[in-house]
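The chain is shown first, and the description follows.

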Amino acid sequence: MDNSKIKRYTVTAALPYTNGPVHIGHLAGVYLPADTYVRFLRANNRDVKFICGSDENGVPITLKAKREGVSPQEVVDKYHKIIGDSFRDFGVSFDIYHRTSSQMHHQTASDFFETLYNKGVFTEEVTEQYYDEKAQTFLADRYITGTCPKCGSESAYGDQCENCGSTLNATDLINPKSTLSGEPPVRKETKNWFLPLEKYEDQLRTYIESHKEWKPNVYGQCQSWLNAGLQPRAMTRDLDWGVKVPLKDAAGKVLYVWFDAPIGYISATRELFEYARLDVWNPKSEEYYINQKEVQKGNWEDYWKDDSTKLVHFIGKDNIVFHCIIFPAMLMAHGGYTLADNVPANEFLNLEGQKISTSKNWAVWLNEYLVEFKDKQDVLRYVLTATAPETKDNDFTWKDFQARNNNELVAVFGNFVNRVVVLTHKYFGGKVPMLMNVTPEDQLVIDELAAAPAKISASIEQYRFREALMEVMNVARIGNKYLAETEPWKVIKTDEDRVRTILNISLQIVASLEILIEPFLPFTADKLMKMLSYGGHQWEDAGKMNLLVRGHQLNEPVLLFEKIEDSEVQAQIDKLNKSKDDNIKANTVAAPAKENIDFEQFSAMDIRVATIIAAEKVEKTKKLLKLTLDTGIDQRTVVSGIAEYFKPEDIIGKQVSVLVNLAPREIKGVVSQGMILMSENADGELSFVSPLNNHNNGSIIR
């Protein structure tokens with residue numbers, strides 16, 4: 001869209017499912033780039049509304065509720081607040097964070113469906129869908145798992161394979177099973193309302209092909225869908241949780257989550273304008289927050305139904321088809337709505353070389369980070385932006401997190417700012433000195449500073465946030481290089497006026513950095529603004545040489561960043577390793593049963609209760625203990641390979657189970673007359689098989 005024709009912006013961020021907290025993959029993929037873009041627009045005095053909210057009607061919510069033994073409402077209430085609080089504490093500056101369980105959303109989604117129904121858009125089709133006979137319910141896509149027909153992953157869902165990212169139909173799955181009962185589902189007839197996407201194929205192709213500037217991953221996936229031929233898609237589901245289908249003959253059916261979820265952007269915008277309340281949580285009523293303290297002026301429709309509005313959807317790559325094919329088709333069918341000008345979808349962020357997994361707890365959760373790294377929001381914002389998966393999947397590691405903080409934020413950005421402010425206080429009482437004679441080397445720095453904002457702006461407007469952040473850091477590097485080359489701490493001894501010029505230019509760089517860094521690191525910008533004791537500048541002011549006037553008094557210097565120690569990072573790595581170990585334990589499969597034996601063979605084994613009366617290590621071995629047992633029928637020696645797990649002195653007096661009629665065997669020069677029974681867990685830890693209560697030695701174990 002031609003920027004000269006844009007009057008306002010509507011920026012949306014994908015609605016997170018309220019079945020768990022937000023993790024760094026969500027932040028890097030969607031919420032940080034969206035927030036950076038919106039903050040940049042606001043710094044340029046653009047009229048923008050930043051819209052998001054909780055997606056509370058998806059099947060993942062009902063799955064979570066069943067696992068936790070609570071109601072879906074309890075699940076969404078819990079995680080809506082955790083997610084919303086985390087976003088706010090992290091500085092994500094939504095104008096409204098809404099929720100799809102609200103009355104406004106249910107009404108908006110129902111009205112939208114009815115409009116399409118009354119226009120004859122939908123087709124009614126009776127189809128065979130999967131049904132769980134044991135649970136006696138139709139299965140939504142996410143209630144079905146099986147083998148992906150495209151990549152072979154055995155944990156694909158009925159709507160998508162999270163391993164390869166392919167969009168699926170439940171009937172595509174190989175060996176499907178119900179997540180409710182674990183049983184293979186059967187097919188059963190049911191009626192639903194379908195959106196005939198094929199009728200909008202030409203319109204969608206024209207729309208998509210008019211946006212060849214979109215990211216290659218977005219444009220390419222859209223073309224792939226169109227070239228494969230669009231098919232009708234059901235817009236209703238047989239479920240009892242969600243927005244009820246507003247038709248008389250639709251009992252027991254709700255709107256398909258990918259029909260109602262994008263409408264959540266619209267309902268949230270309506271809520272922002274029509275029912276704006278104070279900027280506080282109110283968990284017992286509407287349960288959303290708004291970033292203004294007064295009712296919005298204007299009309300919500302201006303942000304959705306005006307050709308001079310630029311609509312931008314920030315999403316992850318797994319949501320491309322829904323935002324670029326299905327939602328636009330819905331808007332086309334309805335009529336009157338603006339289509340997205342861009343859909344900048346990022347790829348996936350991995351964690352320590354592995355795919356982030358909510359179910360396996362292989363993630364860095366935002367709410368936990370905010371507690372464990374108090375007041376370090378901007379460190380995570382910086383690292384996630386610097387490593388954002390904009391064009392391909394990328395990897396977050398805690399060592400890289402530490403290195404970028406220590407070597408870039410502390411050593412480059414923070415170091416430059418601190419040196420300039422400290423030197424100004426030391427030489428000029430904290431007052432901005434006068435710009436004196438400007439040398440050619442000074443002018444070179446001034447010109448580089450003046451050119452920086454345009455470079456950064458161009459990168460942000462093209463959704464290249466990594467590149468934009470690098471350009472901001474380059475401004476700090478220019479400042480550091482300038483100080484290193486001019487050496488004001490040496491020059492002050494012979495030429496005070498020269499130092500005035502050096503520090504004036506350096507302070508102007510610092511002031512510009514405050515403006516330029518704000519879209520990326522708002523907490524740092526706030527600290528810097530307070531240190532400089534100024535504010536109110538806009539993006540257009542960045543790069544100028546008069547931001548801090550002669551004689552302006554600075555506040556005392558404070559450190560913007562602090563080093564992150566090895567112990568802090570190791571604690572996080574240990575935390576992840578524990579999750580990995582816990583998953584291994586949880587997924588450990590018992591060894592298969594050995595071949596059957598007959599009763600006579602079993603009866604031949606004589607297993608007795610015995611007490612250990614003496615124990616010592618077998619010489620020149622690491623694993624063997626020599627045990628003396630009172631079996632009730634005799635005292636005998638048994639050699640057991642348990643020395644790595646038990647100290648001899650700790651097991652004397654312990655009652656055990658021993659096979660007493662095992663043929664004697666010499667082990668390391670000691671004759672062993674039996675075998676003690678042990679159990680072994682997933683960690684390889686051993687435990688004695690002992691009677692719950694003390695039994696007489698010699699008691700037979702049957």
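## Basis of the description

Helices (H or I, at least four residues) and strands (E, at least two) are DSSP runs, numbered from the N terminus, and two strands pair if DSSP finds at least two bridges between them. This is a predicted model, in which local features need pLDDT of at least 70 and side-chain atom pairs count only at pLDDT 80 or more, while totals for chains, interfaces and linings use all residues. Residues are numbered from 1 along each chain as its sequence is written, and side-chain values use heavy atoms, with hydrogens and water left out.

## The sheet around strand 4

In the hairpin of strand 4 and strand 5, four residues lie between the strands, and Gln136 takes a positive phi near 55°. Strand 4 and strand 5 run antiparallel and are joined by two bridges, with Tyr131 standing opposite Phe138 of strand 5.

On a 1 Å grid over the protein atoms alone, a cavity is a set of points where a 1.4 Å probe fits but cannot get out, whereas a pocket is an open set with protein on both sides within 12 Å along at least five of seven lines; lining residues have an atom within 4 Å of a point. Grid points are joined across faces, edges and corners, and a volume is the space filled by probe spheres set on the points.

The second largest pocket holds about 820 Å³ of space. Its lining comprises 31 residues, and Leu168, Asn169, Asp172, Pro232 and Arg233 lie nearest the centre. Strand 4 (123–132), helix 6 (216–228) and strand 10 (233–234) each supply at least two residues of this lining. When Ala, Val, Leu, Ile, Met, Phe, Trp, Tyr, Cys and Pro count as nonpolar, Asp, Glu, Lys and Arg as charged, and the others, Gly among them, as polar, the pocket lining has 13 nonpolar, twelve polar and six charged residues.

## Cavities

A search of the whole structure finds five cavities of 30 Å³ or more. The largest cavity has a volume of about 140 Å³, and of its 18 lining residues Val59, Ala140, Arg237, Tyr256 and Val257 are the closest to its centre. Helix 7 gives the largest share of this lining, three residues, and the lining as a whole has ten nonpolar, three polar and five charged residues.

The second largest cavity has a volume of about 70 Å³. Its lining includes Trp365, Glu368, Trp398 and Lys575, and helix 9 (366–372) and helix 17 (566–586) each supply at least two of the lining residues.

## Helix 10 against helix 16

Axes are lines fitted to C-alpha atoms, for helices over the stretch in contact, and angles run from 0 to 180 degrees between N-to-C directions. The axes of helix 10 (residues 377–386) and helix 16 (residues 522–532) come within 7 Å and cross at roughly 125°. Angles under 35 degrees count as roughly parallel, over 145 as roughly antiparallel, 65 to 115 as roughly perpendicular and the rest as oblique, and helix 10 and helix 16 are therefore oblique to each other. Gln377, Asp378 and Arg381 of helix 10 make the contact with Pro522, Phe523 and Thr524 of helix 16, where contact means heavy atoms within 4.5 Å.
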